[in-house]
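Look over the model below, then follow the text from a pocket to a helix and on to the cores. Keep the sequence at hand as you read.

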Amino acid sequence: QCAAQTHQRIPALTASASAALRRHAWPGNVRELRNAIERAMVLHAAGVIGVEDLPDSIREGRTVVRLTTASPSLTLDGMRDQIADMERATIAAVLESCNGSQTEAAKQLGISRRTLIYRMEKHGLKPPPRARRDR
């Protein structure tokens, strides 16, 4: 699905990446798997996904930390920060892979160009406005 949406060919998996994907407990189920593959495709567009392209929790065989009363160190603000960091990194990587084309990046991310611009501004990724030419 990700390959079709981004107009890329379906990537191959190295043996180590395949083993890491099979070994993971998948507490987030299909949604977590989809996110991991989409992230790997964005970060590594060479057509082969290696174990190094997978999220740390999958690569290292860790299970995802869940919010419980026994885990007071994990806060909602901390989660928001992690999500924002991931969103910023993803947008930056996609923009780079599109040579800065916001239209193409928005298409690959499956969002409108306006939404992309809003999120770029939110994360400080918006380039400075172009200087006006003297006429």
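Gln1, Cys2, Ala3, Ile10, Pro11, Leu13, Arg34, Ile37, Glu38, Met41 and Ile49 line the second largest pocket. This is a predicted model, in which local features need pLDDT of at least 70 and side-chain atom pairs count only at pLDDT 80 or more, while totals for chains, interfaces and linings use all residues. Residues are numbered from 1 along each chain as its sequence is written, and side-chain values use heavy atoms, leaving out hydrogens and water.

What is a pocket here? On a 1 Å grid over the protein atoms alone, a pocket is an open set of points where a 1.4 Å probe fits, with protein on both sides within 12 Å along at least five of seven lines; lining residues have an atom within 4 Å of a point. The second largest pocket holds about 190 Å³ of space, a volume being the space filled by probe spheres set on grid points that are joined across faces, edges and corners. Helix H1 (2–5) and helix H3 (29–43) each give at least two residues to its lining. H3 gives the largest share, four residues. Helices are DSSP runs (H or I, at least four residues), numbered from the N terminus. By type, the lining has eight nonpolar residues, one polar and two charged. Ala, Val, Leu, Ile, Met, Phe, Trp, Tyr, Cys and Pro count as nonpolar, Asp, Glu, Lys and Arg as charged, and the others, Gly among them, as polar.

Now turn to helix H5 (residues 76–97). Its 22 residues should span 32 Å at 1.5 Å a residue, and its end C-alpha atoms are 31 Å apart, which agrees. The expected span is 1.5 Å times one less than the number of residues. Which residues of H5 are buried (under 20% relative accessible area)? They are Ile91, Ala93, Val94 and Leu95. These pack against H3, helix H6 (102–109) and helix H7 (113–122). Just after H5, Asn99 takes a positive phi of about 55°.

Next come the nonpolar cores. Such a core is a set of buried Ala, Val, Leu, Ile, Met, Phe, Trp, Tyr and Cys residues joined through side-chain atoms within 4.5 Å. The largest has 13 residues, and Leu54 and Ile58 have the most contacts inside it. H1, helix H2 (15–23) and H3 each supply at least two residues of this core. A second, separate core of nine residues includes Ile91, Leu95, Met120 and Leu125.

Notes:
Buried means under 20% relative accessible area, exposed over 50%, partly exposed in between (1.4 Å probe, protein chains only). Contact means heavy atoms within 4.5 Å.
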